[in-house]
Amino acid sequence: GADDFGIYNVVGGVVVLFSFLTNAMTSSTQRFLNYNLGLKDVGKVSHIFNISVLTHFTIFLLVLFLSETIGLWFVKTQLNIPVDRENAAMWVYQMSVITTLINIMLIPYRASIIATEKMSILEVVLRLGAVLILPYLTQDSLVLYSILLMLVTLLTFFIYHIECRMKLSFTKFHFVWDKKQYKEMMSFSVWYLFGGMAMVGVNQGTNILINIFFNVVVNAAVGVA
């Protein structure tokens, strides 16, 4: 339906737009991994991977805090959502937050797979499957869609995690602390993050402004366009 499609675009669209951030952060982590893989220093590669998990956990906590404070307030009080779909919109928002958080912690594993050229189209196939089975389910399609995408992301995380542990020895996480390396990776990541946030701001900001001044049907039209 037009209303539900519009609601997903303005509320759940944050997941799609956060892909700009995850792609940027993946490139940042991949840069450090590639450099040390080129040196054939497995110990250093493992060290970089473990530090990258810590840096992304820092970002995980920051996104969680902002999502459940400012973000939640904004969705509840500022967006123009039909009254009878407010509960569904909240489900979409929370599922979108969980999906984004899983994606953040998936970045070190995804970057490792890309760095070693062991790419997969698994996630895209699973997302397509989620869309194809949607017409055969009788519950609220909007809520179900957001839950299915969250489950796809969660399944992808576990599959990537297992694949990395089986095929890439340097991805076995153990806590290490290297303040200098942590600061270097965070500093490098922030520039990628800055560009990604600008892209999110342009796209999702436009969507939010359209929603405030018009309604979710116009969001649906923009989503299709």
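Lysine 167 and glutamate 163 are four residues apart in helix α5, so about one helical turn separates them; helices here are DSSP runs of H or I of at least four residues, strands are E runs of at least two, and both are numbered from the N terminus. The two side chains form a salt bridge whose closest N and O atoms are 3.7 Å apart, a salt bridge being a side-chain nitrogen of Lys or Arg within 4 Å of a carboxyl oxygen of Asp or Glu. With a relative accessible area of 55%, lysine 167 is exposed, since buried means under 20% relative accessible area, exposed means over 50%, and partly exposed lies in between (1.4 Å probe, protein chains only). Elsewhere, salt bridges that share partners join Asp4, Arg85 and Asp140 into one network.

The model is a predicted one, in which local features need pLDDT of at least 70 and side-chain atom pairs count only at pLDDT 80 or more, while totals for chains, interfaces and linings use all residues. Residues are numbered from 1 along each chain as its sequence is written, and side-chain values use heavy atoms, with hydrogens and water left out.

The structure holds five salt bridges. In one of them, the side chains of glutamate 123 and arginine 110 meet at 2.7 Å, N to O; because glutamate 123 lies in helix α4 (residues 122–133) and arginine 110 in helix α3, this pair ties together parts that are 13 residues apart in sequence. Both glutamate 123 and arginine 110 are buried, the glutamate at 11% relative accessibility. Glutamate 123 also forms a salt bridge with arginine 127, the closest N and O atoms being 3.6 Å apart, and these two residues both lie in helix α4, four residues apart, about one turn of the helix. Arginine 127, at 24% relative accessibility, counts as partly exposed.

Leaving aside residues up to four places away in sequence, valine 11 touches Leu79, Ile81, Ala89, Val92, Tyr93 and Ser96, where contact means heavy atoms within 4.5 Å.

On the surface, Leu62, Phe65, Leu66, Ile70 and Trp73 form a nonpolar patch with about 540 Å² of accessible area together. Patches are made of residues with over 30% relative accessible area and no salt bridge, like charges being joined within 9 Å and nonpolar side chains (Val, Leu, Ile, Met, Phe, Trp, Tyr) within 5 Å, and accessible areas come from the Shrake-Rupley method with a 1.4 Å probe, only the protein chains shown counting as cover for residues. Phenylalanine 65 is found in helix α2 (residues 42–77) and, at 54% relative accessibility, counts as exposed.

For the fold as a whole, the secondary structure comes to seven helices and zero strands. Of the 225 residues, 45% count as buried, and among contacts between residues at least 6 apart in sequence, 84% join residues at least 24 apart.
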